[in-house]
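Have the structure open as you read.

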Amino acid sequence: MTTAVTEKKPEGALASTANYLDERLGVGGILKNFGRKVFPDHWSFMLGEVALYSFVILLISGTFLTFFYQPAMTEIIYDGSYVPLKGAQMSIAYASSLDISFEIRGGMLMRQVHHWSALLFVAAAGLHMLRVFFTGAFRKPREINWVVGFMLFILGMAAGFTGYSLPDDLLSGNGLRIIDGMIKGIPVIGTSISSGLFGGEFPGTEIVARLYGLHILLVPALILIFIAIHLFMVVIHKHTHYSGPGRTDENVVGYPLMPVYVAKAGGFFFIVFGVVMLISATFTINPIWNYGPYDPSPVSAGTQPDWYIGWLDGALRLAPSNLDIILFGHTYPFGVLIPLVGSLVFLALVAVYPFIEAWVTADKREHHVLDRPRNAPTRTAIGAAGVTFYGVLWAAASTDLIATFFQLSLNQVLVSMQVILLVGPIVAYIVTKRTCLSLQQKDREIVLHGRETGRIVRLPHGEYIEVHEPLDKYEMYKLVDFKDYRPTIVRPNEKGKITVGTRIRSALSKIYFEDRISPVSQTELSQAQAHDHSPAVTSVGNQEQLTK
Amino acid sequence: MAGKDLERSKEAEGFEHEFESGLAVISQDKISDPGLAPHRVRMTDKSPKHAKNAERQVAVLFLLSVVGSFFALWAYVAFPITEDLSTVRANNLWLGLGMTLSLLGIGIGAVHWAKTLMPDFEVSEARHQTRGSEDVRAAAVEIVKLADQESGFSRRKLIRRTMYGALALFPLPALVVFGDLGPVVGDSLRHTMWKKGTRLTKDPTGIPIKASDVTLGSVFHVIPEGLAEMHEHKLEEKAKAAVLLVRLNQEDLKEDESKKGWSYDGIVAYSKICTHVGCPVALYEQHTHHLLCPCHQSTFDVTEHCKVVFGPASRPLPQLPISVDAEGYLIAQSDFLEPVGPSFWER
Amino acid sequence: MSLRRRLNGSRRSPLAATIVIAAGLLFSGGGFAVATSVVESNVATAYTADQIAEGKKLFLSNCASCHGLNSEGTKAGPSLIGVGAASVDFQVGSGRMPGQGSGPQLPKKTVQFTEAQIELMAAYVASLAPGPAIPDDKYLEATGDAAHGGELFRINCAMCHNAVGAGGALTEGKYAPVLKGVSAKHIYEAMVTGPQNMPVFNDSNLTPTDKQDIITYLAYMDENESAGGYALASLGPVAEGLFIWIFGLGGIIAITVWLAAKSN
């Protein structure tokens, strides 16, 4: 005889739904494990969310566009309502993009939402990447997530480029022409790749449809997969948090997922969407009707790609003249190859940076407490140099607009940027590193002696002092809890040899850690307090004395 | 070199494995962690009136969202699109503003609700070391060893090696299948539509140009005769055959001996396709006799066979040898004597 | 033809009238054709001797110091022989002339002469040698084909002036100016005279109707605001990128700071 255990029958709609789902999907377990997961709260942690939500907006608006856009390069005569193009010969792709803009209610809005959101996606992803870099969030166990995120940034650029080339207008068509020119310059296989990509000679009749397939299928699928991996790792590793009282490498301090995060993060999606919608309702973006259909003969002044491709265009502009080298009957166009290879090297350095830093520090512990940028001076300085390099290339893409706007000579602007490209990162590195070290010194001063209040007090024996307000223990902890490293010296290995690797590592560790400011120790703090405690001062005004 | 922090939080009990700390300085003298700061009470926690206000504010925001949604629905119908361009602008604006209000209302409302009314107690959750514990890792190793034993993967060299071979080679047909993406390049980059006797005509009409039409200071944008009427491959041919035609004073032209016969009475014709990466080099400065490409600012000097004087281009623009026919129309003497456009490997 | 007819007094052949009229037509028409085949602009205004004399006075007091007493040109200014009334009307009418100060390019300034004075100076310069004349009003009306004008504009003008006339850079500090708000007459005159480094677009290259179509296109762009909203000066992706970083992402970050801050 068996006694079956019967559960209570659920009552009410919500309860029965929950029961239904739990019996089939085990949602109860999911809710138990994840419902109160803790997420730290800081505005700088929301940049990745902005990118994620922008991507969702891209999917929604993009789906709308796929119902109206036609990726065909067959030529037709335009017969829509835009007067300056009536009777013009253009591809069906261009004509359908014009129809979306001018014939379909909400079409212009959705096109603009899509494009503005694309710009925002890459911008937010880039800024998020910078936040992760400058706070050291890429350290163990998150090195792989850094690479995944890097891939997302590249895929974002790819999605944008393939996307804005779809309307087959003059501006994006010239962009494709430039890409074709660069590809043709690649040694050995360049002309074959160009022929394969365009289905023959440029421009051909294939490229728009091929980019369309990449843009709506392959690239978004890859982005989705990488986002899933990216977020999955955030769940396993849990989010990092800034240093502060109660925050260690073994815990995470913040608010529970339900209800606070659901409300804040969920609400934030609507806010991001609302901001994009506001911009799209009021500001024109990519007015393809102004540029006209693509034709290899006309071109507009101010031909630039979308901002996230700008750094590559700038690199092309800054290359010096007459750099073709002809060897054994073959042409090596270094004017094109140097920017191409240079950009790939830059990207590669960005992708592998966590591994370089991990190798130098040999610190194999898990890191969940973030660095304030000032507390990692060399890393921050390297980042500043990298940002300067990227920024100069980005600015170099608009040399002609800079020249007209500021009434300068185009040629002088370009030459200046060539110089700044080489000198700027070095200057940025030096200035940033020194600034970080100074800020660390300042923090030490504040910890040891408190904040300057600006109140001047005259003591009975005639001495003037400025009253310092000591920090409370919570504020103080934020300033003293950071990782300190020292450089290593060269040591022979077990075989008694000093390898090249060891030498390099030692040299790098010196660059990284020779100039360093250590956190204030308890002994130093006690000494400073003893020093500052003069009987006269104690009796002045209402000061909270920090007692041990 | 592993060190131990003197004080470790109680959560550290989940962290059994000690990792090497490398170059890190483990201080024995750290200022101690004071623990989570005490919770600061919000007005909405203390005062029911403030809480009620906050609730009303959230409700108003959600209601504004409803208003926005209805407004957007109405605007979609109330601002139809006609032939007049300004109706597009109006539809875009009002539909968009309605949707903006409907979205921001929800977003700001939800955030305001969380900030003012939901508990803002900071909570600490223990992490676990990402690395598995020794038992878990040992069990995993056992499973892998068992799988290896049962499959014989390590033992059976023949299977293993032939498997590698098969897996390495199977993707190759999948790559080869893309071979027909485009035709073999062949000679296409070396030839354009221009031939001996082809008339120079205006872009886009195809009207032929007389030498007497080209006055000092003019620039004509040129296509070969026959291009304007083409239906197939029009843009592909134009992308190689587009030409710029200008007239200089004969004494201003510093011509090579070998190319002296390529101009006609001070009129010269050059390929419009930039030798950098292929944009149309369309800007002509009448007095400086410079051709400027707007994409990357390569600058070419027309007086000296369009050699590069600034910018990233690396070769002069190819010159089209021209002459006139019996009726005075400009014609090409032949095709370009070198490939037009950007440099490539086989050049 | 019989001897009787001839003796009747009429010494002229019956065909004489026809021949004379035909010859007259050939001469005047052919002469006209020859005169205008010097590829300049169409209608040549007839100026009176008084106008030319007054114009010469203005020229001598305001222009001769740079352009020479006989308009032959000096180091400071080019010869004006053959530049035509259109050049004067454009340069002086847009304030570029009198050219004061040095630099890579003469900018537009406040116009320093009245319409009447400009006409006199134009009359004088036109009298020096045949050159482009001030265009006939019928080519200045925005009633042409805007679509054809747009196509021509993109091929011949957009590379310097931008696809919608928002201006662009040339080398060494020179620039192609913004075309918004420029009068149809000045646009026509600039095309036909090729001021400074702008090339000359004679009537064989762009016929008067072509030029009118271009004017129509530019007028359309001037009058019709962008259908997508504010146009950010039609400067393209650079302006859009700056906007999204400063106002888009900047605004959103401001919101995140509010979002993550503790409520009081």
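## How the chains meet

Chain C and chain A bury about 4400 Å² between them, and carbon and sulfur atoms give 72% of that area. Buried area here is the accessible area (1.4 Å probe) that two parts lose on being put together, summed over both. C:Arg154, C:Trp245 and C:Leu259 supply 15% of what chain C buries against chain A, more than any other three residues.

Before going further, note that this is a predicted model: local features need pLDDT of at least 70, side-chain atom pairs count only at pLDDT 80 or more, and totals for chains, interfaces and linings use all residues. Residues are numbered from 1 along each chain as its sequence is written, chains are lettered from A and ligands numbered from 1 in the order in which they are written, and side-chain values use heavy atoms, with hydrogens and water left out.

Here are the two interfaces, with contact meaning heavy atoms within 4.5 Å. A salt bridge is a side-chain nitrogen of Lys or Arg within 4 Å of a carboxyl oxygen of Asp or Glu.

| Interface | Residues in contact | Buried area | Salt bridges |
|---|---|---|---|
| Chain C and chain A | 49 residues from chain C, 60 residues from chain A | about 4400 Å² | zero salt bridges |
| Chain A and chain B | 132 residues of chain A, 100 residues of chain B | about 9500 Å² | seven salt bridges |

On the side of chain A that touches chain B, α10(A) gives the most, with 16 residues. Helices (H or I, at least four residues) and strands (E, at least two) are DSSP runs, numbered from the N terminus.

An open sheet of three strands has the order β1(A)-β5(A)-β1(B), with antiparallel pairing; strands pair if DSSP finds at least two bridges between them. β1 (38–39) of chain A and β1 (123–126) of chain B stand at the edges with a single partner strand each, so one side of each has no neighbour in the sheet. Within this sheet, A:Val38 has A:Pro256 in β5(A) as its bridge partner.

Finally, a word on confidence. The predictor gives the complex an ipTM of 0.92 and a pTM of 0.91. Chain C averages a pLDDT (the predictor's confidence in each residue, from 0 to 100) of 86, but residues 31–41 of chain C stay under 50. Where pLDDT is low, the predicted coordinates should not be read in detail.
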